[in-house]
Amino acid sequence: MKRLLLLNGPNLNLLGQREPETYGSQTLEDIVQLVTDTADELNYELTAFQSNHEGELIDQIQNAEGNVSGIIFNPAAYTHTSVAIRDAVSAISVPVIEVHISNVHNREEFRRHSMIAPVSAGQVIGFGIDGYRLAVLGIIKKIESEGR
Ligand code: DQA
């Protein structure tokens, strides 16, 4: 069975209690369940990982090469700052879809810029946690059409 990796960055472990007016009331556990179910419907196996540490996210991205067919990634605040994460995404051939729960374009100015976007296969922004489901559907279509 083909595999997908779900990666979530810093502070996303606090979803449900963190700024619910921006991020909603659903938890990281709900997201993992939604993504697992969506992957399962399409016969993909999912591994999920969340970290508050940049290096741990980079380790996961590096390890993905050769082991998974695609990555669904919400880099959270590292989206806007991390050259190291961008370089890791750039270093692998596995397609990465960037997801943001909130619409980063109608918030603070600094959230409008993504370091990761130029090296991502696509972005899903502003659809709440449903964005993760959309990202799974999109990445699987891409994987299948490219014969990965
Ligand atoms: C986020 C948006 C980021 O700007 C922020 O730092 C997050 C979450 C989102 O999913 O909307 O932590 O990636």
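Biologist: What makes the link between the side chains of Arg-107 and Ser-102 a polar contact?

Modeller: The value there is 2.9 Å, and a polar contact is a pair of N or O atoms within 3.5 Å; within protein, one must be able to donate a hydrogen and the other to accept it, and residues adjacent in sequence count only if both atoms are side-chain atoms. The side chains of Arg-107 and Tyr-23 are also joined by a polar contact, of 2.9 Å. Do bear in mind that this is a predicted model, where local features need pLDDT of at least 70 and side-chain atom pairs pLDDT 80 or more, while totals for chains, interfaces and linings use all residues. Residues are numbered from 1 along each chain as its sequence is written, and side-chain values use heavy atoms, without hydrogens and water.

Biologist: Where is Arg-107 found, and which residues is Arg-107 in contact with, leaving aside its neighbours within four places in sequence?

Modeller: Arg-107 sits in the loop between strands E4 (96-100) and E5 (122-125); strands are DSSP runs of E with at least two residues, and helices runs of H or I with at least four, numbered from the N terminus. Its contacts (heavy atoms within 4.5 Å) are Glu-19, Thr-22, Tyr-23 and Ser-102.

Biologist: Why are H2 and H5 called roughly parallel?

Modeller: Helix H2 (residues 28-41) and helix H5 (residues 130-145) pack at about 25°. Angles under 35 degrees count as roughly parallel, over 145 as roughly antiparallel, 65 to 115 as roughly perpendicular and the rest as oblique, so H2 and H5 are roughly parallel. Their axes, lines fitted to C-alpha atoms, are 9 Å apart.

Biologist: Which residues of H2 and H5 make the contact?

Modeller: H2 brings Ile-31, Leu-34, Val-35, Thr-38, Ala-39 and Glu-41, and H5 brings Asp-130, Tyr-132, Arg-133, Val-136 and Leu-137. By class these are seven nonpolar, one polar and three charged.

Biologist: What makes H3 roughly parallel to H4?

Modeller: The axes of H3 (residues 54-64) and H4 (residues 83-91) cross at roughly 5° and come within 9 Å, and that crossing makes H3 roughly parallel to H4. Here Glu-54, Leu-57, Ile-58 and Ile-61 of H3 meet Ala-84, Ile-85, Ala-88 and Val-89 of H4. The tally is seven nonpolar, no polar and one charged.

Note on methods:
Axes fitted to C-alpha atoms, helices over the stretch in contact; angles between N-to-C directions. Nonpolar A, V, L, I, M, F, W, Y, C, P; charged D, E, K, R; others polar.
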